[in-house]
Amino acid sequence: MLSRRQALKMMGFAAFAPAGFAAASKRKPNVIVVLSDDAGYADFGFTGCQDTSTPNLDSLSRQGTTCRQGYVTASVCAPSRAGLITGRYQQRFGHECNGPNAPVEGYSMDDMGLDPAEKTIGARMQSQGYKTLAVGKWHLGYQEQFHPCNRGFDEFYGFLSGARHYFTNKDVDETHALRTCDEKIDEEKIRYMTRDLTDASMKFIEKNKDQPFFIYLCYNAVHTPMEAPDHLIDKYRKIDPKRRRIHNAMTESLDTNVGRLQDKLNKLGLDDNTLLFFVNDNGGATNNGSRNGKLRGMKGSKWEGGIRVPFIVKWPGEIPAGKDYNYPLSTLDIMPTSLAAAGADKKQINSGKPLDGVNLLPYLQGKNKNRPHETLFWRRAVAGAVRKGDWKLIKAGDNPLLLFNLAEDESETKNLAKKHPEKVKELLKEYKNWEKQLQEPKWREGKKWERNQILKHRMEVDTREKERKYP
């Protein structure tokens with residue numbers, strides 16, 4: 001689909017384009033990261049969903065490059081976000097488990113959040129001259145030193161916790177309250193959270209339309225609680241079970257609001273000069289009606305369904321439209337890619353602590369035909385995994401080691417560990433060498449959750465019904 005500016009040029013009306021078009025073409029691109037929450041890999045039209053309407057995200061896929069093997073760094077919310085926002089494996093700074101919960105020995109509540117020594121993508125984009133906004137779910141620490149406005153964001157409109165109600169909640173506490181940098185928002189003003197977060201983003205875009213901006217937009221949709229406008233729930237009244245019905249309504253609202261965001265960019269003549277990522281924070285959850293399609297596993301696991309997510313990158317004129325990219329890449333790459341788009345050179349991108357992500361632009365543009373990552377790693381306390389090339393090893397507690405060839409068995413149905421002991425040895429060595437670089441977790445999640453991680457990584461847990469027993 002042509003942008004407004006492209007259409008005007010084709011019709012010979014370039015002279016009538018708004019002033020913003022000319023300004024946009026001469027300045028650094030805006031960057032927007034849109035993060036959905038707990039959606040399944042197969043919950044959008046562009047990933048094969050047939051029972052939910054997602055025309056705007058499907059259009060985004062056609063306008064950009066869809067990364068079919070896009071990974072997050074963790075299969076649960078908080079550590080996944082810590083990896084994305086720093087461009088570094090979160091295990092390097094102890095942000096390994098979900099929470100943050102009770103500190104382990106040697107740490108206190110003052111350590112329960114994103115390590116202040118780590119620079120966020122917001123801070124890095126500020127250094128490139130960008131105005132920055134964090135919107136929606138934060139989930140990277142509740143105390144003052146962890147607040148978004150102390151971590152590289154000029155403005156914040158969202159909540160600090162991992163979830164909250166979508167409508168007005170008069171009994172809301174401090175961590176769940178909707179707030180800005182300076183004040184709490186009156187709960188009576190909340191209409192529907194997905195729409196309200198979009199409104200805040202659009203207001204920021206309008207205010208900063210004449211300068212480069214960066215937005216980290218974290219919707220809580222489709223995370224529980226399952227809440228959606230009545231008219232959308234009614235639209236899906238024939239869908240069963242009920243949680244899938246409400247899930248679909250929440251997904252449609254998410255899609256509609258991503259469309260509203262895009263419409264705002266188009267209206268202001270900014271779309272052609274905006275790099276936009278759409279990605280989910282982890283695999284579909286066990287409790288919200290999401291679906292991961294042919295991918296085995298769900299949120300919380302090292303199976304593909306826990307760590308592989310919908311992933312679109314759009315930048316008109318710079319990244320191919322309507323293409324699929326089929327090599328593995330990671331949310332670790334969002335920071336260095338954004339910095340490169342902003343004009344930072346390799347030295348600037350790699351200044352400070354070493355990044356684990358890479359600049360994706362030459363790969364998505366077809367200039368570099370190699371894999372962005374030959375090896376990717378995951379670990380959350382008792383369970384970990386490594387992918388090297390098409391081979392993947394899962395290690396969970398005292399369970400038997402699991403080995404899969406994803407090129408031949410994307411659904412991870414055949415454990416090849418006994419058949420290929422040399423490959424097990426090779427990947428296990430890679431994993432252990434990576435572990436030597438890591439810091440021990442600053443907090444843990446409790447015995448129940450660690451036990452579930454071990455149980456869900458057994459070959460006999462091979463149906464969705466069984467998976468949902470181990471959230």
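How many nonpolar, polar and charged residues does the lining of the largest cavity have, by class? The first legend below gives the breakdown. This is a predicted model, in which local features need pLDDT of at least 70 and side-chain atom pairs count only at pLDDT 80 or more, while totals for chains, interfaces and linings use all residues. Residues are numbered from 1 along each chain as its sequence is written, and side-chain values use heavy atoms, with hydrogens and water left out.

**View 1. The largest cavity and its lining.** Searching the whole structure turns up 3 cavities of 30 Å³ or more. A cavity here is a set of points, on a 1 Å grid over the protein atoms alone, where a 1.4 Å probe fits but cannot get out, and lining residues have an atom within 4 Å of a point. Grid points are joined across faces, edges and corners, and a volume is the space filled by probe spheres set on the points. The largest cavity has a volume of about 50 Å³. Look for Thr286, Gly297, Met298, Lys299, Ser301, Trp303, Lys456, Val461, Glu467 and Tyr470 around it. That lining has 4 nonpolar, 3 polar and 3 charged residues. In this scheme Ala, Val, Leu, Ile, Met, Phe, Trp, Tyr, Cys and Pro count as nonpolar, Asp, Glu, Lys and Arg as charged, and the others, Gly among them, as polar.

**View 2. The largest pocket, with 28 lining residues.** A pocket is an open set of grid points with protein on both sides within 12 Å along at least five of seven lines. The largest pocket has a volume of about 570 Å³. Cys77, Asn98, His223, Lys299 and Trp449 are the lining residues that lie nearest its centre. Helix H14 (residues 447-456) gives the most to this lining, with 4 residues. Helices (H or I, at least four residues) and strands (E, at least two) are DSSP runs, numbered from the N terminus. By class, the lining of the largest pocket comprises 7 nonpolar, 15 polar and 6 charged residues.

**View 3. The second largest pocket, with 19 lining residues.** This pocket holds about 460 Å³ of space. Nearest its centre you will find Tyr157, Thr180, Ile185, Ala200 and Lys203. Strand S5 (155-159) and helix H6 (193-207) are the elements that give two or more residues to the lining. The largest share, 6 residues, comes from H6. Sorted by class, the lining of the second largest pocket divides into 9 nonpolar, 1 polar and 9 charged residues.

**View 4. An open sheet of 4 strands with antiparallel pairing.** The strand order is S11-S12-S13-S14. At the edges are strand S11 (375-380) and strand S14 (402-405), each of which pairs on one side only. From one strand to the next, the twist averages 10°. Two strands pair if DSSP finds at least two bridges between them. Strand S13 (residues 391-396) and S14 pair in the antiparallel sense over 4 bridges, and Ile394 stands opposite Leu402 in S14. Helix H13 (residues 421-435) packs on the sheet, touching S11, strand S12 (383-388), S13 and S14. The direction of H13 makes about 65° with that of S11. Axes are lines fitted to C-alpha atoms, for helices over the stretch in contact, and angles run from 0 to 180 degrees between N-to-C directions. Contact means heavy atoms within 4.5 Å. In the loop between S11 and S12 sits Ala381, a residue other than glycine with a positive phi, near 60°.

**View 5. Two cis peptide bonds, at Pro100 and at Pro241.** One joins Gly99 and Pro100, with omega about 0°. Pro100 is in the loop between helix H4 (77-86) and helix H5 (121-126). The other joins Asp240 and Pro241, again with omega about 0°. Pro241 belongs to the loop between helix H7 (230-235) and helix H8 (242-267).

View 6. Asp38 is in the loop between strand S1 (30-36) and helix H3 (55-63), and its phi is near 70°, a positive value in a residue other than glycine. Not counting residues up to four places away in sequence, Gln128 touches Lys28, Leu339, Ala342, Gly343, Ala344 and Gln348.
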